[in-house]
Amino acid sequence: MDALDVARWQFGVTTIYHFLFVPLTIGLGPLVATLQTLWYRTGNPRYLRLTHFYGKLFLINFAMGVVTGIVQEFQFGMNWSDYSRFVGDVFGAPLAMEALLAFFLESTFLGLWIFGWKKLPKGIHLATIWVAAIGSVLSAYFILAANSWMQNPVGFAMNPETGRPVLTDIWAVLTNKVALITFPHTIAAAFLVAGALLVAVSLWHVTRRPGTDTGEHRFALRLGAWVTLAATAAVVVTGDIQGKIMTEVQPMKMAAAEALYQSEQPAGFSVFTVGTLDGSREVFAIKIPYLLSFLGTGDPTARVEGINDIQARYAAEYGPGSYAPIVPVTYWSFRAMIGLGVAAALIALWVLWAQRRGRTPGNRWLVRAGLALPLLPLAASTAGWIFTEMGRQPWIVFGELLTRDGVSRSVSLTEVLTSFLAFTLIYAVLAVIEARLLLRYAKAGLPPPDAAPAEEPDDTAESVPALAY
Amino acid sequence: MDLSTVWFVAVAALFVGYFVLEGFDFGVGMLVRLFGRDDAERRQLIGTIGPVWDGNEVWLITAAGAMFAAFPGWYATLFSGFYVPMLLILLALIVRGVAFEFRGKRDDPAWRRRWDLAILCGSTVPAVLWGLTFANIVRGVPLAADHEYVGGLADLLNPFALLGGLVFLAVFLWHGAVFVALKTEGEVRVRANRLAARVGPLAAALLAGFLAWMLLDLRRTPAAAALGVAAVVAAVLAVAANRVRREGWAFTGTAAAIALAVVALFTALYPALLPSTADPAGTLTVAGAAASPYSLKVMSVVAAIFLPLVLLYQGWTYWVFRKRLGLTRS
């Protein structure tokens with residue numbers, strides 16, 4: 001194990017961890033804003049209570065997203081300084097824009113929302129949560145544009161003196177076709193997570209605390225289930241387009257997703273394989289004919305290039321070396337992403353059916369599956385990121401810079417190992433605290449109907465601390 | 001002034017914003033546990049920065065992002081070279097950020113005490129380490145010809161840098177106390193004023209000493225010297241204003257002292273970004289480390305539009321929450 005391996009593990013662990021909180025921030029923000037809008041429009045206190053309830057869960061989650069996000073920005077410089085030197089001219093711009101355009105909006109207006117219940121007119125106060133939510137979505141756009149540039153570098157020219165890319169067209173970077181499709185895919189996945197959270201929390205209340213605010217929770221249950229279903233549809237559609245763009249710009253990643261070594265025409269898609277994924281031996285596989293051709297190109301009979309052919313082509317283009325990712329990782333993460341996402345939608349559909357016309361879902365398995373529901377899309381988006389990042393390897397910037405050439409040369413193994421262990425440890429502790437808090441507040445249920453609209457520090461003390469610090 | 005210099009000024013301005021704003025919320029963070037006598041007082045203290053601390057922290061994220069975009073080599077060398085300080089700053093900011101959010105989420109004194117400790121450490125550690133870092137930036141660190149950091153952790157712990165850490169700690173504590181006096185009413189306000197009166201002269205003296213060392217010994221730049229003098233004058237005026245209990249002026253004074261001192265530091269540094277004390281060829285300069293003219297132009301347009309907007313709505317936030325906070329006994 002050398003500093004490079006540890007730096008990669010650290011990036012993987014800290015990024016995956018960060019992205020456990022990000023989808024909820026992105027997805028739950030607009031849902032809370034929607035609930036508050038309903039209250040603003042109808043004056044019905046049920047929506048206000050739901051706003052407070054889910055707003056609290058949103059904030060507990062938001063804090064974790066913020067603090068783990070700073071690590072991401074610093075990490076490029078700390079562990080990947082040669083990468084930073086190499087890409088700074090192009091990659092730095094969207095990062096700086098993210099901070100300037102999105103993070104300021106998000107943090108400032110969220111502060112106004114949390115503490116402004118009594119200080120701001122109702123309409124302005126409602127606007128603050130929407131602006132904060134827009135900030136979160138904007139931040140996703142800029143960071144995905146930066147990431148998409150690593151997948152499909154565009155809008156630059158190589159400086160012959162330094163051997164580094166120089167930005168020539170910011171518009172090309174911001175409208176990178178990979179970014180344009182990754183953005184809706186990611187946002188839809190975020191709504192999938194948020195919808196699933198609503199389903200799980202309200203299902204718990206409807207089935208375990210029958211009679212307490214059942215009307216409110218049933219509303220949230222339906223809202224969550226519909227959001228989950230709509231989001232899944234959006235994830236599928238955008239994912240399909242994304243697959244075709246990926247086949248075009250990163251054919252190796254698509255081939256590795258299927259562990260397709262030999263080019264095939266037409267190419268099938270294996271749902272499941274037992275055996276080795278190096279293509280030498282296949283014990284058992286369930287295959288759907290034509291599907292890979294269709295996923296990759298839209299044409300069920302098209303030829304799909306295999307890893308071996310692409311490898312030969314890349315070796316001729318970039319010099320000797322292996323240009324294939326770790327195939328079992330890409331193969332299984334791709335399936336986990338799809339499988340878990342679909343499972344989430346099916347469970348949401350089942351919940352929706354089981355609660356129709358005032359029924360209470362009674363099936364034990366359904367209730368269990370419903371309560372675990374948020375974990376599925378979370379795991380699916382984790383798998384999606386593992387796939388997209390591991391599938392790009394050995395490149396850190398596709399076709400331009402290898403991961404091993406991006407690591408900090410001046411940082412020792414001891415230093416990286418220390419920081420890796422420190423982050424892992426602190427993240428583990430915080431995960432436990434965060435999970436407990438979320439469960440505690442989720443179980444506590446809606447605030448009493450006569451509760452003041454969120455407490456502020458100068459108000460009378462609250463028995464259960466609410467939105468105030 | 002060419003665009004690379006414009007961006008040097010922009011990065012300096014972002015760090016000025018960061019230290020002026022987060023400076024007082026670091027100070028308040030240190031005071032929560034040390035100064036707040038009971039939970040009600042502590043909540044009152046946290047309440048003064050509750051709506052704004054997260055927005056203040058974004059100044060750092062933007063400053064680092066601007067550094068990355070405008071001077072990639074500076075960002076890369078600084079963050080990899082100052083590895084341990086950066087790591088500790090990150091850990092502190094993580095703990096501090098969640099502490100603000102989590103401390104009120106359980107009605108349990110032990111729980112709150114733990115998070116108050118987290119807020120204390122999370123506010124003290126970054127204050128000291130930013131001081132250490134910026135003192136080292138202006139002093140210079142060992143760099144090889146390829147701009148890689150070739151020193152060790154010990155090289156960062158020189159006397160000047162340690163003084164820098166102490167100065168940031170003292171000044172932010174003072175800035176925080178002045179802010180508390182400005183933002184609260186009742187007993188806390190009176191005590192905060194008294195604390196500021198005790199800390200102020202010491203912090204001002206430390207700041208003057210640090211600036212004198214920097215401007216008379218390390219970097220003799222007349223413009224920076226003038227700014228350094230102005231910073232000390234502002235600090236003295238802040239001490240005086242605090243003494244006559246003009247809290248608004250005292251806060252303006254500490255804010256101006258911090259801003260002028262940071263500007264003095266960047267002025268003294270210019271045109272270098274990070275001087276090398278080993279191989280002179282290793283020195284990172286504004287001209288040498290700047291991003292391409294096109295990249296800088298794009299960033300300039302974006303910043304020209306959005307930075308004023310940020311100032312506008314952050315200013316509005318401070319206006320919305322301008323009221324002094326009273327004490328709520330539970």
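Q: Taking helices as DSSP runs of H or I with at least four residues, and strands as runs of E with at least two, numbered from the N terminus, where does Pro271(B) lie?
A: In this predicted model, Pro271(B) sits in the loop of chain B between α11 (247-269) and β1 (272-274).

Q: Is the peptide bond from Tyr270(B) to Pro271(B) cis or trans?
A: The bond is cis, with omega near 0°. Chain A also has a cis bond, from Gln393(A) to Pro394(A), with omega near 10°. Pro394(A) belongs to the loop between α13 (375-390) and β5 (395-397) of chain A.

Q: What about phi at Ala259(A)?
A: Phi there is near 55°, a positive value although the residue is not glycine. Most residues other than glycine have a negative phi. Ala259(A) is in the loop between α8 (251-258) and β3 (269-275) of chain A.

Q: Is Ala259(A) buried or exposed?
A: Ala259(A) is buried, because 23 other C-beta atoms lie within 10 Å and the cut-off is 20 or more.

Q: Changing topic, at what angle do α1(A) and α4(A) pack?
A: Helix α1 (residues 3-42) and helix α4 (residues 122-151) of chain A pack at about 160°, with axes 9 Å apart. They are therefore roughly antiparallel, and their crossing is left-handed.

Q: Which residues meet there?
A: Among them are Ile26(A), Pro30(A) and Tyr40(A) of α1(A), and Leu126(A), Trp130(A) and Val137(A) of α4(A). By class, the contact has 12 nonpolar, five polar and one charged residues.

Q: What ipTM does the predictor give the complex?
A: The ipTM is 0.90 and the pTM is 0.91.

Technical notes. Residues numbered from 1 in each chain as written. Chains lettered and ligands numbered in written order. Predicted model: local features only at pLDDT ≥ 70, side-chain atom pairs only at ≥ 80, totals over all residues. Axes fitted to C-alpha atoms, helices over the stretch in contact; angles between N-to-C directions. Parallel < 35°, antiparallel > 145°, perpendicular 65-115°, else oblique. Left-handed = near helix turned anticlockwise from the far one by under 90°. Contact = placed C-beta atoms within 7 Å. Nonpolar A, V, L, I, M, F, W, Y, C, P; charged D, E, K, R; others polar. Buried ≥ 20, exposed ≤ 12 C-beta atoms within 10 Å, placed from the backbone.
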